[in-house]
Structures are given as C-alpha cells and as structure tokens.
Amino acid sequence: MSEFKLVSKFTPNGDQPNAIEKIVDGFKNKNIDSQVLVGATGTGKTFTMANIVKALNKKTLVLAHNKTLAAQLYSEFKEFFPENRVEYFVSAFDYYQPEAFLPKTNTYIEKSSQTNNDIEMLNLSALNSLVQRDDVIVVASVASIYASSPPKDFYKHRTFFKLNQNISIKDVKYELINLNYKRNDVDVIHGRFSIKGDVIEIGPGFTDEFNIRMSFFGDEIEEIAKIDPLTKNVIEKVKEVVLPGAELYLANKDTMDESLKRIREELQETHKNFLKQNKHIEAQRIMERTTHDIQSFVEFGYCPGIENYSRHLELREEGETPYTIFDYFGNDFLLIVDESHMMIPQIRGMYNTDRSRKETLVEYGFRLPSALDNRPLNFDEFLNKKDKVLYVSATPNEWEIEQSGQLVEQLIRPTGLVDPIVEIRPTKDQIIDIENELRIQIKNKERTFITVMTIRMAEELTEYLRNKNIKVAYLHNELKTIERFKILNNLRKGIYDVVIGINLLREGLDVPEVSKVLILDADKPGFFRSDKSLIQIIGRASRNANGKVIMYGDSITTAMDVAIKETERRRKIQMEYNAKHNIIPKTVIKPIALDLNKNDAEIDIDDLISSKKKSKEKTEKTIKKMREEMLKAAKNQEYERAAYLRDIIMELESQK
C-alpha cells in the first residue's frame with residue numbers, strides 16, 4: 001500500500017502533538033470509532049488533520065459544509081501531500097434550479113442548471129483515483145451524500161490500452177464512443193478525441209493537464225504518450241493507459257434491456273393507478289413524459305433527467321440505499337467532518353427536503369414513484385457508511401460529543417494569540433459608547449466588526465456612523481461576491497474603519513486587522529445569539545494580539561454565560577502556556593490580496609458593476625480576461641481566487 005508523505009516546513013507545536021497522539025492512539029489502539037477534535041480558531045486544525053492522515057495511512061474523506069471551505073481545504077491538503085492524490089468532489093453545478101411543481105398555482109418548474117465542466121472533471125478524477133489507488137484524500141461537500149455511479153459500473157466503464165497491443169483504430173474509436181467520448185478533430189479537450197491518419201489524440205475525462213496520443217502501425221499501437229494539450233509537446237512516454245468514462249454517470253448498456261423492462265412495467269402500474277383514482281390528467285402526463293424518455297433511451301442510451309431512473313438503471317430494489325462516493329472508500333477509511341457543527345445539521349436536512357419536492361412531482365404525474373430513489377442518503381444511512389470518523393469544530397454540537405468515545409482539545413495557537421477579553425455593557429447609550437470605541441480603534445489604526453440582529457438596525461447604524469465621519473460599510477446577504485470581497489479588502493487596507501453585519505459567521509471573515517468585535521442585542525434569543533454562535537463570533541477577534549469583544553445587553557442569558565465562561569477557560573489555558581514557554585502573542589500577519597481588478601489595467605470591475613454607461617463590448621472583454629485569469633489561478637492551485645473569479649464571471653454574464 002502506498003504511504004501518505006506529509007511535506008511541510010512546520011512541525012507540530014502547542015497542543016498539536018498531544019492532539020495528534022491522542023487521536024491516532026484512539027483509532028489505532030483503543031478501537032474508538034468516533035472522536036471529536038475541539039480546535040479553537042487559528043490553532044492549525046488542518047495541519048493536525050494532515051498529521052493524523054499520515055499516521056493512520058488510510059483513504060480519507062474530508063467533508064466541508066460549503067464549496068469555499070472545501071476549496072481552501074483542498075488547496076492546503078494538496079500542499080501537504082504533493083506526492084499523493086488529493087481530490088475535490090463538490091456539486092458540479094454553478095447554478096441549479098431543481099425540477100418542481102407548485103400545486104397552488106399549477107406551476108411546473110423545469111430543471112435548469114449550468115454545469116461547471118472543470119468541477120465535473122475534478123469529480124470524475126476523484127472517483128478514478130479511488131478505484132486505482134489507496135493513498136487518496138478527497139475533500140467533498142454535501143454532494144458526497146448524493147447518488148453517484150455504482151463502483152462496479154465505474155470500474156467496468158474503463159478501457160485499457162497497452163504498447164504493442166493489437167487493436168484497430170476503428171475498435172479504439174468504438175470503445176471511446178462507448179464511454180461517451182465525442183469525436184472532435186479540431187479541439188481535443190477533456191471528454192473528446194480526434195483521429196488524424198494513424199494517430200488518435202484523447203482528452204481524458206478526468207483531467208485537462210495532459211492528453212493521450214496513440215500512434216499506430218497498422219493495427220498495432222506503436223507509441224503511447226502524454227502530451228501538452230496546447231503545445232502538443234511530449235510530457236512523457238508510457239507503456240499503458242487506463243481511461244475511465246468521459247462523464248461521471250454512465251448507464252450500464254449491458255443491463256439496459258432489463259432496465260427498460262422495469263421502467264415500462266412501473267409506467268403501466270402507475271398509469272393504471274391514476275385512472276383508478278380518476279386522475280386522468282396525471283395519467284396522460286406520466287404516460288407521455290415517460291414514453292418519450294424510453295424512446296430517448298432506446299435511440300441514444302440517454303435521456304434528460306436520466307438520474308430519475310437510477311433505481312432501474314442500477315437494478316436496485318425500492319428503497320435500497322443509493323450508491324455514493326462513500327462506496328468507493330471500502331470498509332477501512334477515515335472520515336473527517338470539518339466544522340461539524342454546521343456539516344452534520346446540513347446532512348440531516350438534505351433527505352427530507354429532497355423527498356418533499358419529489359413526492360409532489362410523483363403525485364401529479366411528472367415522475368414515476370421510482371424517482372424517489374434518486375436521492376441523497378438519509379442520516380441513518382450516512383452513519384452506516386462511516387468507519388472511523390473525526391468531528392472537527394471550535395464548537396461541536398452535543399450530538400457529536402455524545403457519539404464519540406474521546407474528546408480532544410486543541411486550544412494553543414502557534415502565534416501565541418489568546419482568546420479575546422469579553423466585556424458586557426448595558427444597552428443604554430450604547431450608540432454613543434460604540435462611537436467612542438470606534439474613535440479609539442481609529443486612533444490605534446485597528447479595525448472593528450459590529451454584528452446586529454436586524455437589517456433595519458444595520459442600515460440605521462451605518463447611516464449614523466457615516467454622519468459622524470466614520471468610514472463604515474454594511475455587509476449584507478444581497479451583496480455579490482465581488483462587492484463582499486472588496487469591502488473586506490478595503491477594511492484591511494483602512495479604507496473602512498468598521499464593517500457592520502448580521503451574519504458574521506460566514507467563511508472569509510478572518511481579518512487579522514480586526515481587534516474588536518461589538519455584539520449588539522447579545523441577550524436576544526435566536527441562532528445568531530446561541531452559545532455556539534457567540535463563541536464563533538468571539539473568535540473573529542482572536543487573530544489580533546489586542547483582541548476584545550463587547551457584548552451589549554441588559555441581562556446575561558444562558559448562551560452568553562456559556563460563551564463567556566468557555567472563552568475565559570480557553571484564555572486562561574492559553575495564557576498559562578504562554579507564560580510557561582515565554583511566548584509573546586503576535587498578531588497574525590496575512591498578506592492583503594490584490595484587488596480582483598489589478599491583474600489587468602484595462603479591467604475596472606467597479607465601473608462594470610456600478611456604472612450605468614457600461615457597454616456590452618467592454619463587459620465581453622472583461623469576461624474573457626477574467627476567464628483567462630480564472631483558468632490560470634486554477635492551474636496554479638489558487639482555488640480561492642479561482643472561485644472568486646468564477647463568481648464574478650457569472651455576475652458579469654448576468655448583466656449582459
């Protein structure tokens with residue numbers, strides 16, 4: 001078995017060595033299946049996870065609750081394990097509107113989506129690596145619990161070519177078409193192939209880093225080489241090549257007859273049941289729609305919405321658990337659930353939401369009942385899929401703690417930074433007090449976050465502070481990606497002194513220049529004032545040596561009490577460690593990212609977003625340049641930047 005080789009200039013320090021040792025010992029020697037790592041913000045949880053992966057040497061699935069966090073983890077793990085396979089598995093849709101029916105208004109909403117071919121390629125690469133190697137880490141979002149191609153079919157839908165193999169160009173073409181590769185003699189990108197004379201060039205479905213070129217002498221493969229897709233220069237010559245299908249999901253053609261038989265039988269039964277209930281419109285609808293899909297299967301081996309027939313295509317029984325990426329890991333693997341306090345509730349909610357929508361489609365004759373089996377895993381199925389699991393969070397839920405055989409804390413930061421001081425102040429004259437605090441912050445050239453409970457309060461406080469000549473910005477959910485990025489960047493630069501928001505729990509808000517967080521309505525009930533949310537908000541001031549949090553409230557709620565006591569407990573441990581080891585806390589030094597419009601002097605994003613005079617020609621030119629920058633960032637593994645650029649492109653395209 002291949003070993004994971006961790007490459008880093010850092011060595012574990014602070015709480016990291018103890019956390020790594022305890023967790024590894026728990027899995028290896030104490031037969032503990034579930035553990036919790038309570039890692040305070042900024043303590044290097046990812047580095048700890050990487051060391052655990054290396055020590056256990058098992059295939060690893062890392063779950064993240066959104067694409068941005070997944071991209072960050074993917075980038076970090078690729079740096080830690082350059083000699084092993086680190087893969088990215090998230091939803092391949094940039095935009096997705098699921099099929100739905102609204103009975104009250106008699107409105108049918110057709111499925112609408114925009115597929116990101118690059119992400120689809122990465123997803124295919126993940127499955128391909130899992131069936132070929134053991135030293136694989138996959139960073140995935142909630143897409144991991146949704147139905148995927150069965151491992152046996154994915155393994156079967158591969159073709160092998162060897163040097164000196166006797167096979168004709170015609171037979172190679174047939175095998176490629178069987179795997180959904182499409183011929184294109186002009187532009188060979190992933191999932192395409194060209195034939196020119198006695199040379200076949202193939203763009204593998206799982207990568208755009210290289211193409212495969214096979215040269216023939218008669219009916220014999222004379223040479224196989226990996227070539228640069230652009231320059232066509234040879235990267236390396238190989239003796240054999242394994243090609244998976246061009247797409248993530250391929251129907252098994254060997255069982256298609258049986259699958260179609262099952263679909264027809266269910267159609268007849270469903271049609272008959274509708275007629276018995278005098279639902280003639282529904283009966284006609286299901287007959288017409290399904291018959292059309294069957295005809296597409298017969299003619300093309302495919303139909304729109306093919307996933308709704310997955311139960312029959314995979315010959316599964318009603319209610320049987322669908323195949324997911326979990327099935328590619330076998331029975332011996334490590335599952336890491338990052339930010340588990342967010343990820344676990346997300347997994348819990350997916351099944352019921354999906355089923356409710358599909359039950360309506362079935363009830364009104366838009367889909368056969370078997371469409372209900374094209375679904376995400378329910379929570380019990382998810383639990384049955386795991387082997388060894390590590391829940392990682394600064395604020396784990398009670399459920400994770402109860403399920404786990406060991407809880408390990410990691411509270412010491414490599415920088416020596418401690419959790420901030422927390423102070424409670426009354427709401428009387430709080431606006432004047434806030435203004436005074438901001439004046440002190442401005443004098444010290446430090447930044448501030450203010451979190452409020454309502455949009456009205458955010459808008460009024462923003463207006464008030466502007467009238468007091470304080471440079472302020474309001475961070476709200478209607479802001480587009482580029483505007484949000486620009487506000488946070490400008491806060492770091494000092495163009496703004498303070499940012500006000502309702503939800504300061506979102507990713508991308510680790511701003512080391514922020515030394516103070518002001519929490520209004522701290523004593524009000526709600527998700528954003530729960531003990532876990534308050535601890536997360538307090539953590540926003542933990543990257544600055546002068547970190548301080550002020551809660552405004554006229555009473556101390558249970559949530560406030562828990563959050564304050566937990567922060568004080570962590571702070572005491574951190575300060576004692578610093579005193580023992582003569583460590584002086586240092587503010588995190590984090591480079592300020594270039595504005596997204598600095599790579600090309602001709603691109604002015606602000607003008608494009610806000611100016612009423614923007615031209616279609618200028619927008620098109622910007623999109624082209626942005627797309628080039630996005631691809632360059634992706635190739636350089638700058639995945640956060642690539643994700644930002646992708647979102648900007650979509651925003652600009654929507655304005656054309």
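1. Helix H17 (residues 558-580) has 23 residues and spans 33 Å from first to last C-alpha, close to the 33 Å expected at 1.5 Å a residue; the expected span is 1.5 Å times one less than the number of residues. Helices (H or I, at least four residues) and strands (E, at least two) are DSSP runs, numbered from the N terminus.

2. The model is predicted: local features need pLDDT of at least 70, side-chain atom pairs count only at pLDDT 80 or more, and totals for chains, interfaces and linings use all residues. Residues are numbered from 1 along each chain as its sequence is written, and side-chain values use heavy atoms, without hydrogens and water.

3. Buried residues of H17 include Ala 559, Ile 564, Arg 570 and Asn 578; buried means under 20% relative accessible area, exposed over 50%, partly exposed in between (1.4 Å probe, protein chains only). Their cover includes strand E1 (34-39), strand E19 (406-410) and helix H16 (531-538). After H17 comes Asn 582, with a positive phi near 55°.

4. In the largest nonpolar core, of 55 residues, Leu 63, Val 138, Ile 202, Met 214, Phe 326, Leu 335 and Phe 382 touch the most other members. Such a core is a set of buried Ala, Val, Leu, Ile, Met, Phe, Trp, Tyr and Cys residues joined through side-chain atoms within 4.5 Å. Helix H4 (residues 117-132) gives the largest share of this core, four residues. Another core, of 36 residues, lies apart from it and includes Ala 50 and Val 408.

5. Beyond its neighbours within four places in sequence, Met 214 is in contact (heavy atoms within 4.5 Å) with residues including Phe 161, Asp 198 and Ile 224.
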